[in-house]
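Colleague: I've got a structure open and I'd like to learn how to read it piece by piece. Can we go through some features together?

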Amino acid sequence: MNLTLCLTHDCNLRCAYCYAGRKDARRMSWETATRAIDFAFEQTLKRAHAVGLPSEVQIGYFGGEPLLEWDLLQRSAAYADEAAARLGVALTKTVTTNASLLDAARAEWLRVNRFYVGLSLDGNAAMHDTLRHFPDGRGSHAVCAAALAHYRGPDARAEVIVVADPRNIGHLAESVEWLLSRDIWNIAVNPNFYIGWPDAALSEWREAYGRIGELYAGCYRRGCPVRVNVFDGKIRVRIKEGYAACDKCGFGIDEVAVAPSGNLYPCERIVGDDTNEALRIGTVSDGFDAGRRAAVIACRGNTVPECEGCPVRERCMNWCGCINYATTGAVNRVAGIVCFHERMSIEAADRVAAALFAERNPAFLAKFYQAALPEEQASPMVFA
Amino acid sequence: MNVQKAETRVDPGYPTKRQLAEGAKAVGLAALGLGSLLAAGCAPSRTRGVIMPVREGGVVAQEPARLKGDIAVEPKREVPPQPLGGVRVEPAKP
């Protein structure tokens, strides 16, 4: 099971595009956190026994700003580690933070305790400070960017999450360049689909992806196989000929988010103010509400008729329930802006991948094709 | 803005894994063993959920299938299936 613990509704920033609902003092109790962890292990073991899958749990800490509840995070992570060891379940832990409270000691603790860290940081100061502010209106870049020092190089177990928004899109490419210049190897560009995108912003977005593609290719030509999610994802899904069922999120099936109150939702993006009755699928105290959960699961997928016959349908994220819900009000109906983004990112990724493949770029071939071949066969002659 | 079909594209300019296997066969590299990898693309195995296994200090570290808040979900990376009784993915130990 993929469990998200929203430790608090509170945050020390007031980012303009935040989807996590109003910021207040509601926080998760120790009892709720441990019940949720117990619930995740129980459900995982039950499913593993039923269908013969290996037992794996991923626990993601989210908010609000989860590092505001640092003690609860540490204690509950230790509790989960103990349970995983006792039950023989593989455990992955992640935390997504705005990085403003991530000092050297905390970064070291997360490293030692094998967390994968997501840093919500929009890139350079011009981009970041456009929308990521403290409550008093001050930009947060100077404080947040200091944490990047702990996550440099190819071995960092972290990614920097950059939110592309029509209000900051003009700085997107230079922000990616800024991050790459600081030895950040893992960058996730997450579009803000919850807002209207004027035509001029769409044009800037397309230009930015073109420029980021050039930067990406440049890194590979220097032997540095960086990850930029919109490129890596679309290249990988082309190579494997479409998303597999297990690539898609388990919205309400084995993907569950827990609000500070203990209410369960199918995705952390749905938690918001914790008032969405339509998509609440249970509580940690009582477990899943079978009827509500079945109704949510039944809605998954994409039923937009225009998508039938689209040549890139199998490479498209039209199945993302939370984005569909946020943009169209229906879990199973993809929005035009998502369609625009998917077509644009596929085109940009293919342009870069075709060039690197034509060059027989060693870093590109090793990253995207090596694993597809037995070691003894993955020699340059295969690609000749 | 409405949903629109993509323009039909003939070839993105780089091969799929299947095309690569077919091409390799054509140049005489037999028995690449890709069949099992293709089958393993979504097979229940201990690599499920793993994008990039990294060996550190004797422990195979797992990358998350999806980071919280990250919507641009990547497909899982194809990794060769580990043999039965192979490296065990262990929970982290503090």
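Colleague: Let's take helix H1 (residues 30–51) of chain A. What should its 22 residues span, at 1.5 Å a residue?

Modeller: Keep in mind that this is a predicted model. The expected span counts 1.5 Å for one less than the number of residues. For H1 of chain A that gives 32 Å, and the end C-alpha atoms are 32 Å apart, so the two agree. Just after H1(A), look at Gly52(A), which takes a positive phi of about 75°.

Colleague: Which residues of H1(A) are buried?

Modeller: To call a residue buried, we want 20 or more other C-beta atoms within 10 Å of its own. In H1(A), Thr32(A), Ala33(A), Ala36(A), Ile37(A), Phe39(A), Ala40(A), Phe41(A) and Thr44(A) are buried.

Colleague: And what covers the buried residues of H1(A)?

Modeller: Several elements of chain A do, including strand S1 (2–6), strand S2 (56–62), helix H2 (70–87), strand S8 (255–258) and strand S11 (287–288).

Colleague: Next, the nonpolar core. Which residues have the most contacts inside the largest one?

Modeller: Those are Leu5(A) and Val258(A), in a core of 112 residues. Helix H12 (residues 336–358) of chain A gives the most to this core, with 10 residues. Now zoom in on Leu5(A) and skip its neighbours within four places in sequence: Leu5(A) is in contact with Met28(A), Ala33(A), Ala36(A), Ile59(A), Tyr61(A), Phe62(A) and Val258(A).

Colleague: How do I read a strand? Say, how many residues of strand S4 (residues 115–120) of chain A are buried?

Modeller: Check the two faces of a strand in turn. For S4(A), 6 of 6 residues are buried: Phe115(A), Val117(A) and Leu119(A) on one side, with Tyr116(A), Gly118(A) and Ser120(A) on the other.

Colleague: Which strands are joined to S4(A) by bridges?

Modeller: Strand S3 (residues 90–97) of chain A runs parallel to S4(A), with 5 bridges, and Val95(A) has Val117(A) as its bridge partner. Going from S3(A) to S4(A), the chain passes through helix H3 (residues 104–112) of chain A in a right-handed β-α-β crossover. Strand S5 (residues 158–164) of chain A is also parallel to S4(A), joined by 4 bridges; here Ser120(A) is partnered by Ile161(A).

Colleague: What pattern does chain B follow along the sequence?

Modeller: List the elements in order and you get α-α-β-β, from 2 helices and 2 strands. Of the 94 residues in chain B, 33% are buried.

Key:
Residues are numbered from 1 along each chain as its sequence is written. Chains are lettered from A and ligands numbered from 1 in the order in which they are written. This is a predicted model: local features need pLDDT of at least 70, side-chain atom pairs count only at pLDDT 80 or more; totals for chains, interfaces and linings use all residues. A nonpolar core is a set of buried Ala, Val, Leu, Ile, Met, Phe, Trp, Tyr and Cys residues joined through C-beta atoms within 7 Å. A residue is buried if 20 or more other C-beta atoms lie within 10 Å of its own, exposed if 12 or fewer, and partly exposed in between; C-beta atoms are placed from the backbone. Two residues are in contact if their C-beta atoms, placed from the backbone, lie within 7 Å. Two strands pair if DSSP finds at least two bridges between them. A crossover is right-handed if, with the strands pointing away from the viewer, the path from the first strand over the helix to the second runs clockwise.
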